[in-house]
Amino acid sequence: MKLGETVPDFVADSSEGGAVRFHHYIDGYWAILFSHPNDFTPVCTTELASLACLLPEFHKRGFKVLALSCNDVESHKAWIKDIESYMPEGAKVQFPILADPDREVAVKFGMLDPDEKDSSGVPLTARAVFVIGVDKKLKLSILYPATTGRNFSEVLRVIDSLQLTAKYSVATPVDWKTGDRCMVIPTLSNEAAKEKFPKGIETIAVPSGKDYIRLTPQPDL
């Protein structure tokens, strides 16, 4: 699956009861789909506990959040108790964990990890992250190996960049975070940039003499 493509639709059973029709469920929202290799595994437990604690941050950004693995719904429901035990007291998992025991969704999204297999030798899902826009097109995908847990602060940082750059003619430089200066995109002329960014533009001098490094305050602050 390539960036900019419409993500596949599917129907999958959910830990919250009933089936989730993916395109219907995310309609009108940004969405993020996380896959994990297996229930009742250490790294996955820490990840989903962290995700559950950060859920308000995703909601604040207008996101629907879903997780998925190749386990069935009953396994997910039992595992949630372990996840919640790893969270602050009283905190709950409040997003659906989707069941994909037949690997239908995993194949559609290209998230199977050939190096991680279940007891019968069938590949499991990798640690995939798919960020999907309101238009249901893929905006970002990241694949992690089973041995490496995800950094959800980085995921939120990238989401902030995606949402900002979708609205304004800017790009975000290395290590950017909300509140930092942005870069004017190269396709925008200096004249047009001055009109779009009344807070001002600083052009950084470089040996080539080209004025392509142009910084401006974050336009929505």
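Modeller: Buried means under 20% relative accessible area, exposed over 50% and partly exposed in between, with a 1.4 Å probe and protein chains only. This is a predicted model, where local features need pLDDT of at least 70, side-chain atom pairs count only at pLDDT 80 or more, and totals for chains, interfaces and linings use all residues. Residues are numbered from 1 along each chain as its sequence is written, and side-chain values use heavy atoms, with hydrogens and water left out.

Biologist: Thanks! Why is Cys44 called buried?

Modeller: The relative accessible area of Cys44 is 0%, which is under the cut-off, so the word applies. Cys182, at 0% relative accessibility, counts as buried too. Over the protein chain, 44% of the 221 residues count as buried.

Biologist: How many disulfides does the structure hold?

Modeller: The structure holds zero. A disulfide is a pair of cysteine sulfur atoms within 2.5 Å. For Cys44, the closest cysteine sulfur is that of Cys70, and at 11 Å it is too far for a bond.

Biologist: What makes strand β8 largely enclosed by the rest of the structure?

Modeller: Strands (E, at least two residues) and helices (H or I, at least four) are DSSP runs, numbered from the N terminus. The β8 run covers residues 127-132, and six of its six residues are buried, so the rest of the structure largely encloses it. In a regular strand, side chains alternate between the two faces of the sheet. Here Arg127, Val129 and Val131 are buried on one side, and Ala128, Phe130 and Ile132 on the other, so both faces are covered.

Biologist: Which strands are joined to β8 by bridges, and how do they run?

Modeller: Two strands pair if DSSP finds at least two bridges between them. Strand β3 (residues 30-35) has four bridges to β8 and runs antiparallel to it; Ala31 has Ile132 as its bridge partner there. Strand β9 (residues 138-144) has six bridges to β8, also antiparallel, with Leu140 opposite Val131. β8 and β9 form a hairpin with five residues between them, and Lys136 in the turn has a positive phi of about 65 degrees.

Biologist: How many aromatic pairs does a search of the whole structure find?

Modeller: The search finds eight. One of them joins Phe10 and Phe109, with 6.0 Å centre to centre and 80 degrees between the planes.

Biologist: Why is the pair of Phe10 and Phe109 called edge-to-face?

Modeller: Rings of Phe, Tyr and Trp (its six-membered ring) pair if their centres lie within 6.5 Å; planes under 30 degrees apart are stacked, over 60 edge-to-face and the rest tilted. Phe10 lies in the segment before β1 (11-13) and Phe109 in helix α5 (residues 104-109), so the pair ties together parts 99 residues apart in sequence. Both Phe10 and Phe109 are buried. The rings of Phe22 and Phe109 have centres 6.2 Å apart and planes at 80 degrees, so this pair is edge-to-face as well. Ring pairs also link Trp30, Phe34, Phe58, Phe63 and Phe152 into a cluster.

Biologist: What makes Lys64 count as a charge over the ring of Tyr29?

Modeller: NZ of Lys or CZ of Arg must be within 6 Å of the ring centre and within 35 degrees of the ring normal. The charged end of Lys64 sits over the ring of Tyr29, 4.5 Å from its centre. Lys64 also lies over the face of Tyr25, at 4.2 Å from the ring centre. Both distances are inside the limit, so they pass on that score.
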